[in-house]
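Here is a short briefing for a reader new to this structure. Look it over, then read the points below.

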Amino acid sequence: MCGIVGYTGSDTAKDILLTGLKRLEYRGYDSAGVALENRDAGTGAARLDVVRRVGKVDGLKSELAGRDDAATCGIGHTRWATHGQPSVANAHPHVSCDGRIAVVHNGIIENFAELREELEGRGHQFRSDTDTEVIAHLVEEAYAAAEGERDIVDALREACTHIVGAYGVAAVCADEPGVIAVARKDSPIVIGRGERGSYVASDVIALIDATRDVVVLEDGQFARLAPEGITYTDEQGRAIEPTVTHVDWDVDMAEKGGYPDFMLKEICEQPRVVRDTLVGRMSATGELDIDELGLSFEELNLIDRVYVIACGTSYHAGLVAKNLIEGWARIPCEVEAASEFRYRNPIITPSTLVVAVSQSGETADTLAAIRDARIKGAKVFGITNVVGSPVARESDGVIYTKANKEIAVASTKSFIGQIVSLTLLALLLAQVKGKITVRQARMLFHELGDTAEQIQWILDTQADAVREAAEACVPAQSALFVGRGMGAAISYEGALKLKEVSYLHAEAYAAGEMKHGPIALIDPGFPVIAVATKSPTYDKVVSNLKECEARGAKIIALATEGDEDIKQIADYVIYVPRVRDAFSAITASVPLQLLAREVAIMRGCDVDQPRNLAKSVTVE
Ligand code: F6R
């Protein structure tokens with residue numbers, strides 16, 4: 001979720017790009033850069049000057065102070081690292097070998113490793129670890145190979161035919177001053193025409209100072225921006241008439257992409273998170289590909305105990321992983337709060353794998369636990385959302401969750417990214433241990449990918465059911481979440497989400513434990529939220545719910561689509577699609593996130609910034 005801006009017109013491009021980048025900075029800011037078209041003082045020849053800085057846009061602004069004021073065309077980018085560490089070399093724009101073409105890109109190029117190998121074989125020299133750089137070299141080749149008049153938009157069009165993946169791209173070429181070429185597939189691009197030039201950005205928020213009439217580029221469409229106007233073409237280069245949309249959002253609404261809050265925006269991004277986290281993870285021959293593995297298959301095969309260490313929501317992702325690692329790989333797995341792990345004396349040997357899960361990658365307790373585990377001789381594997389974060393740096397191997405920057409304090413999309421990543425790790429361990437075949441792993445991998453659409457189905461169809469259930473929770477003093485197996489793991493997360501955003505007290509219990517104490521809490525109207533999806537323990541959960549019903553509980557059931565019987569005991573039913581039990585945590589967590597948010601809003605709470613909480617907990 002990086003940010004792109006581009007401008008060509010009669011004003012100082014640098015100022016417009018910096019203002020746009022600043023507006024996009026909330027989406028990620030590990031580095032920023034611009035490519036500006038300048039003229040050589042002596043010869044008058046056009047050239048591209050690329051300036052990049054690690055850190056926030058203000059650093060780039062200082063670097064550009066007092067220079068490049070004459071440039072009236074340029075592109076800029078603020079980066080949230082997905083391939084390669086945050087560094088100057090990996091910051092955008094990326095340039096062709098001859099430095100005459102520069103590109104900025106959002107999205108993920110799935111076949112970048114193959115493309116890079118091919119391009120290097122043809123003599124291209126790469127200067128970064130990013131997937132984006134292949135675009136600069138592909139455009140360079142296409143531009144050089146063009147018969148007749150060269151055209152940067154045609155060259156970008158040709159380059160895109162080689163790319164598998166998602167992209168929003170803006171490119172400039174020193175040989176075509178004043179022109180910006182733009183392409184889009186599965187990554188947002190908006191274009192606008194103002195009084196003083198033409199503008200492009202990955203988000204409308206970067207354009208709204210200049211114009212409110214924007215074209216949202218569609219997949220497979222291309223644009224040529226020039227100071228005097230904009231033309232649009234399709235994949236074949238035929239002219240098209242775009243649809244102009246009038247935007248009357250204010251800056252706050254625009255940042256949230258039109259959603260009322262970041263929490264909802266991030267919940268709705270989860271289908272993309274599933275897809276992005278899986279991109280490039282399965283090779284053409286069906287092998288799981290975890291490129292930051294850092295451990296050999298021989299080392300993995302020796303693993304005889306796994307600890308998942310994490311805090312809060314990330315700890316709950318660990319509870320899901322325990323079911324998968326033990327179920328598929330048959331390796332004993334314990335899940336521990338990092339804050340406890342570091343003060344115990346856990347049994348660690350060189351064949352222990354410690355899996356540290358942390359969205360921010362900088363939680364103090366998790367980091368301390370990693371250091372402790374390493375001193376004791378364990379191998380450490382990190383699952384984090386932040387490239388180059390301390391958790392990533394201090395682990396032997398890492399999987400990045402590709403949730404992109406999460407802004408709401410309550411973790412939602414990162415949690416889904418963590419579960420997907422931990423599922424990949426469990427599949428890999430199972431494969432290495434010979435517990436599942438390549439064929440089975442492949443089938444499970446594809447089913448895991450299907451959860452993206454299943455989440456979308458929940459988002460599209462269950463909003464009303466969630467709202468009705470939320471109304472039932474609002475007057476309560478407390479709520480109980482119950483489930484078994486995966487359902488229990490997800491219940492803990494459901495209760496945490498409700499507590500943290502709505503300030504309503506909630507607890508989670510394995511449903512079978514209710515009769516050993518918590519059932520005493522139940523009196524008429526007490527909300528019990530049950531994960532009662534079809535699973536091997538479905539009947540048991542239903543009997544536990546009957547016990548609650550008999551005592552007057554108000555039952556909100558998460559059930560599998562088509563389960564009509566559940567209505568006999570549940571007062572409210574929220575449906576999720578039928579999925580394999582192993583993947584049920586992914587789908588079941590979505591309605592629980594929505595429910596927590598809805599209750600919080602009904603109770604007048606700020607869902608994005610709940611009281612007393614911080615997004616990143618760097619103290620003990
Ligand atoms: C809850 C939440 C927290 C974090 C916890 C760990 O919504 O976000 O419970 O999960 O503070 O943070 P990370 O994952 O950054 O280590």
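Where is the place of Lys402? Lys402 sits in the loop between strand E19 (397-400) and H14. Helices (H or I, at least four residues) and strands (E, at least two) are DSSP runs, numbered from the N terminus. This is a predicted model, in which local features need pLDDT of at least 70, side-chain atom pairs count only at pLDDT 80 or more, and totals for chains, interfaces and linings use all residues. Residues are numbered from 1 along each chain as its sequence is written, and side-chain values use heavy atoms, with hydrogens and water left out.

**Backbone points**

- Lys402 has a phi near 55 degrees, a positive value in a residue other than glycine.
- His92 and Pro93 are joined by a cis peptide bond, with omega about -5 degrees.
- Pro93 lies in the loop between strand E4 (73-79) and strand E5 (94-95).
- Most residues other than glycine have a negative phi, and most peptide bonds are trans.

**Helices H10 and H14**

- H10 (residues 312-329) packs against H14 (residues 413-432) at an angle of about 25 degrees, and their axes are 9 Å apart.
- Axes are lines fitted to C-alpha atoms, for helices over the stretch in contact, and angles run from 0 to 180 degrees between N-to-C directions.
- H10 and H14 are therefore roughly parallel to each other.
- Angles under 35 degrees count as roughly parallel, over 145 as roughly antiparallel, 65 to 115 as roughly perpendicular and the rest as oblique.
- On the H10 side, the residues that meet H14 include Thr313, Ser314, Leu324 and Trp328.
- Among their partners in H14 are Phe415, Ile419 and Leu422; contact means heavy atoms within 4.5 Å.

**Helices H3 and H4**

- H3 (residues 112-121) and H4 (residues 133-145) pack at an angle of about 45 degrees, with axes 10 Å apart.
- H3 and H4 are therefore oblique to each other.
- Phe112, Leu115, Arg116 and Leu119 of H3 make the contact with Val134, His137, Leu138 and Glu141 of H4.

**The ligand**

- Of the 14 residues around the ligand, Ser314, Ser358, Ser360, Thr363 and Glu500 come nearest; a residue counts as near if one of its heavy atoms lies within 4 Å.
- A side-chain N or O atom of Glu500 is 2.5 Å from an oxygen atom of the ligand.
- For Lys497, a polar side-chain atom is 2.8 Å from a ligand oxygen atom.
- Thr313 has a polar backbone atom 3.1 Å from an oxygen atom of the ligand.

Notes:
Polar contact = N/O pair within 3.5 Å; in protein donor to acceptor, adjacent residues only side chain to side chain.
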